[in-house]
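User: I am new to this structure and would like to learn how to read it. Could you take me through it one feature at a time?

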Amino acid sequence: MNKTQLAEVVALKTGLKKKEAEAAVNAMTEAVAEALKAGDKVQIIGFGTFDVKECAAREGRNPRTGETIKIAASKRPVFSAGSALKNSIN
């Protein structure tokens, strides 16, 4: 399912117009991204938690040349599913 399909489902389930549902989905994803950029955790009870994980600098290898390269430290978004979501899938 992509963002457009998600907006269509939101429109069907809420009675919103398709454009309104698309705006709501966009607003939600932007709000989560802004919170993560600020270093906050986003927890949606019954669904899951969005958080930022810090990855340390490390050495890697260029697969073409085999040369050792340095990979800089970075941050990456992670999602942990909540127990209600896990139970609904199983």
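User: What should I know before we start?

Analyst: This is a predicted model, where local features need pLDDT of at least 70, side-chain atom pairs count only at pLDDT 80 or more, and totals for chains, interfaces and linings use all residues. Residues are numbered from 1 along each chain as its sequence is written, and side-chain values use heavy atoms, with hydrogens and water left out.

User: How are helices and strands named?

Analyst: They are DSSP runs, numbered from the N terminus: helices are H or I with at least four residues, strands are E with at least two. Here helix H1 spans 3-14 and helix H2 spans 18-37. Strand S2 covers residues 48-55. Strand S3 covers residues 58-61.

User: How do I read an aromatic pair, and how many does the structure hold?

Analyst: Rings of Phe, Tyr and Trp (its six-membered ring) pair if their centres lie within 6.5 Å; planes under 30 degrees apart count as stacked, over 60 as edge-to-face and the rest as tilted. The structure holds two such pairs. One joins phenylalanine 47 and phenylalanine 79: it is tilted, with 5.4 Å centre to centre and 50° between the planes. This pair links distant parts of the chain, 32 residues apart. Phenylalanine 47 sits in the loop between strand S1 (42-44) and S2, and phenylalanine 79 in strand S5 (residues 74-81).

User: What is the other pair?

Analyst: Phenylalanine 50 and phenylalanine 79 form a tilted pair, 4.8 Å centre to centre and 50° between the planes. Phenylalanine 50 lies in strand S2 and phenylalanine 79 in strand S5, so the pair ties together parts that are 29 residues apart in sequence. Ring pairs link Phe47, Phe50 and Phe79 into a cluster.

User: How is a pocket found, and which residues line the largest pocket?

Analyst: The search uses a 1 Å grid over the protein atoms alone. A pocket is an open set of points where a 1.4 Å probe fits, with protein on both sides within 12 Å along at least five of seven lines; lining residues have an atom within 4 Å of a point. In this structure, the lining of the largest pocket is Leu6, Val10, Val25, Met28, Thr29, Val32, Phe47 and Phe50. H1 and H2 each supply at least two residues of that lining. The largest share, four residues, comes from H2.

User: How large is the volume of the largest pocket?

Analyst: A volume is the space filled by probe spheres set on the grid points, which are joined across faces, edges and corners. For the largest pocket it is about 210 Å³.

User: How do I read a salt bridge, and which residue does lysine 18 bridge to?

Analyst: The term means a side-chain nitrogen of Lys or Arg within 4 Å of a carboxyl oxygen of Asp or Glu. The whole structure has one. Lysine 18 bridges to glutamate 8, with the closest N and O atoms 3.7 Å apart. The pair links helix H2, which holds lysine 18, to helix H1, which holds glutamate 8, ten residues apart. Lysine 18 is exposed, with a relative accessible area of 52%. Glutamate 8 counts as partly exposed, at 33%.

User: What does a contact list tell me, for example for threonine 49?

Analyst: Contact means heavy atoms within 4.5 Å. Threonine 49 lies in strand S2. Leaving aside neighbours within four places in sequence, threonine 49 contacts Lys41, Val42, Gln43, Val78, Phe79 and Ser80. Threonine 49 is buried, because its relative accessible area is 18%.

User: Is valine 42 buried or exposed?

Analyst: Valine 42 is buried, at a relative accessible area of 15%. Its place is in strand S1. The C-alpha atoms of valine 42 and valine 32 are 6.6 Å apart, while the two residues are ten places apart along the chain.

Key
Buried < 20%, exposed > 50% of the residue type's maximum accessible area, 1.4 Å probe, protein only.
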